[in-house]
Amino acid sequence: MIFEFIGGLGIFLLGIKYMGEGLQKSAGDRLRTILDKFTSNPFMGVLAGMIVTVLIQSSSGTTVLTVGLVNAGFMTLRQSIGVIMGANIGTTITAFIIGFDIGAYALPILGIGAFLLFFFKEKRITNIGLTIFGFGALFFGLELMSSGLKPLRDLQAFHDLTVSMSNNPILGAVIGTVFTIAVQSSSATIGILQSLMLEDAIQLKAALPVLFGDNIGTTITAVLASIGATIAAKRAALTHVIFNVIGATIVITFIHFYTIMMEHIQAALELNPAMTIAFAHGIFNVLNTIIQFPFIGLLALIVTKIIPGKDTEVEYKAKHLDPIFIQQSPSVALDQAKFEVIRMGEYAIRGLEETSSFLNTKNSKNADMAQQLEGALNNLDREITAYLVQLSGSTLSDIEKTDHSALINAVRDIERIGDHYENIIELINYKMSNKVDITEQGMIDLNEMFDLTIITVKEAIKALEQMDREAALSVVQKENEIDKMERRYRKKHIIRLNEGVCTGAAGIVFADIISNLERIGDHAVNIADEVLGGKHN
């Protein structure tokens with residue numbers, strides 16, 4: 001019985017994972033776009049949360065994605081609350097899928113999924129195969145769990161426990177919470193409840209408190225994801241907890257009426273036991289959202305008071321680009337764009353510093369922050385370029401046209417600096433995962449070149465901000481030094497290879513890092529060139 005249940009639970013969880021992965025890969029980057037674009041107000045946030053959760057089959061996954069967007073400044077805390085509410089509704093879809101009694105077809109569905117996965121090379125078809133395989137595994141796991149749980153209905157101890165849960169809803173809620181925290185999936189706990197209902201091992205009155213406890217337990221994933229994270233991440237996770245605890249408390253208070261309502265719905269729609277649980281779950285989450293939706297502002301205020309501090313560390317969105325200036329005053333619009341380009345340059349410098357720290361500390365926090373900054377660079381590149389292209393249709397003086405052209409080119413160079421330090425992060429990750437050791441002298445050389453490159457980029461951004469020719473000429477000088485450094489270090493590295501002091505793998509990582517640093521120097525000199533008017537020879 002235990003083996004069958006554990007095996008069934010394992011296959012069930014695997015099914016949810018694969019189904020979510022298949023859907024997520026089919027949707028591609030659209031998930032982030034849905035959350036970014038369709039959260040203009042809390043109501044749209046609820047819809048976006050529902051859609052994304054249906055696509056990835058995980059309310060926790062949606063909450064973690066949302067936390068990332070709040071963290072990046074793409075979304076306010078108020079908008080994120082709407083998304084979290086929507087995620088809770090979206091997660092009920094799994095229970096409804098389980099409610100359809102198609103367990104008899106689980107194995108052929110698994111077979112079709114496996115066939116598409118293994119006999120086709122096209123990504124789109126393999127993603128569909130992964131989804132179908134996950135769908136089949138979900139039902140196959142459920143069949144095994146049901147079969148394993150069947151003897152429970154004749155077990156006196158279990159019967160006594162369900163009676164206790166019927167008489168004491170809080171006990172049921174605690175059991176649901178603890179079990180969901182243990183398996184890290186409310187869908188799995190609800191699947192088990194549906195299996196127990198199908199086997200007649202538990203009555204609706206005892207099952208409902210457990211169901212509401214599951215909703216509290218599922219918040220633990222977001223809480224764990226926010227440990228050691230930013231203030232914004234902690235706030236979004238706390239919102240999830242408060243929202244679900246309030247909802248569960250309200251419904252448990254009126255559990256008697258809720259049970260009667262569900263019994264009426266079950267009889268009226270002739271629902272099977274598993275579908276009854278799905279409806280109970282769905283109605284609970286919809287009601288919870290309707291009740292708490294008007295209090296989104298209050299929820300945001302409460303979590304801000306509980307967790308005080310500054311919202312975001314990295315803001316992806318531009319701060320200064322107001323389209324009204326393009327018509328009213330093109331010269332002011334140009335200044336606004338310049339503010340934004342300088343801010344972008346400062347992000348590139350911070351990203352380089354974090355990458356340098358990552359090389360030495362091997363702390364993934366440095367890499368994560370650098371990657372976040374790179375994401376901000378990509379977004380600012382798109383926003384600033386679009387703004388400057390719009391501005392090019394306005395009437396600009398000759399000097400302003402020169403400045404306009406300089407900013408467009410500088411944006412491209414700053415964005416490329418981000419790409420190069422991202423390459424370096426990948427190389428450091430490769431070095432760590434493959435236990436590649438760079439020699440002590442190699443590390444000294446890398447750090448020396450890193451320091452010079454960071455100073456050069458800083459000076460290039462300063463030159464652009466102040467249109468300082470002296471600083472620009474200094475950048476050209478330093479970039480020549482970076483080029484010489486790269487050639488010198490490459491030769492030293494070849495000598496180390498020939499002497500057998502350095503391994504081939506370490507050599508490749510070393511050479512690629514200094515090559516990327518040299519390219520960053522080139523982009524810094526391009527920015528300086530814009531200040532010098534393209535003449536530094």
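Me: Which residues of helix 14 meet helix 17?

Reply: The model is a predicted one. On the side of helix 17, the contact uses Leu-299, Ile-302, Val-303, Thr-304 and Ile-306. By class, the contact holds six nonpolar, two polar and one charged residues. The residues that helix 14 brings to it are Arg-235, Leu-238, Thr-239 and Ile-242.

Me: Are helix 14 and helix 17 parallel or oblique to each other?

Reply: Two packed helices are described by the angle between their axes and the distance between the axes. Helix 14 (residues 231–253) and helix 17 (residues 296–306) have axes 10 Å apart, at an angle of about 125 degrees, and their crossing is right-handed. Angles of 65 to 115 degrees count as roughly perpendicular and those over 145 as roughly antiparallel. The pair is therefore oblique.

Me: How are helix 22 and helix 24 oriented to each other?

Reply: The axes of helix 22 and helix 24 (residues 504–532) come within 9 Å and cross at roughly 15 degrees. The crossing is left-handed. Since angles under 35 degrees count as roughly parallel, helix 22 and helix 24 are therefore roughly parallel.

Me: How do the residues of the contact of helix 22 with helix 24 divide by class?

Reply: Helix 22 contributes residues including Leu-446, Met-449, Phe-450 and Val-457, and helix 24 contributes others, among them Phe-510, Ile-513, Leu-517 and Ile-527. Asp-445 of helix 22 and Glu-518 of helix 24 also take part. The division is 16 nonpolar, four polar and two charged.

Me: Which helices hold Lys-478 and Glu-459, and which residues form one network of salt bridges?

Reply: Lys-478 and Glu-459 form a salt bridge, with their closest N and O atoms 2.9 Å apart. Lys-478 is partly exposed at 22% relative accessibility, whereas Glu-459 is buried at 18%. Lys-478 lies in helix 23 and Glu-459 in helix 22, 19 residues apart. Salt bridges with shared partners make one network of Asp-445, Lys-492 and Arg-496.

Me: Is Arg-124, the partner of Glu-122, buried or exposed?

Reply: Glu-122 and Arg-124 meet through their side chains in a salt bridge of 3.5 Å, N to O. Glu-122 has a relative accessible area of 42% and is partly exposed. For Arg-124 the relative accessibility is 54%, and over 50% counts as exposed. Arg-124 is therefore exposed.

Me: How many salt bridges does the structure hold?

Reply: The protein has 24 helices and zero strands, and 53% of its 537 residues count as buried. Among contacts between residues at least 6 apart in sequence, 80% join residues at least 24 apart. The number of salt bridges is nine.

Technical notes
Residues numbered from 1 in each chain as written. Predicted model: local features only at pLDDT ≥ 70, side-chain atom pairs only at ≥ 80, totals over all residues. Heavy atoms only, no water. Axes fitted to C-alpha atoms, helices over the stretch in contact; angles between N-to-C directions. Helix = DSSP H or I, 4+ residues; strand = E, 2+ residues; numbered from the N terminus. Left-handed = near helix turned anticlockwise from the far one by under 90°. Contact = heavy atoms within 4.5 Å. Nonpolar A, V, L, I, M, F, W, Y, C, P; charged D, E, K, R; others polar. Salt bridge = Lys/Arg side-chain N within 4 Å of Asp/Glu carboxyl O. Buried < 20%, exposed > 50% of the residue type's maximum accessible area, 1.4 Å probe, protein only.
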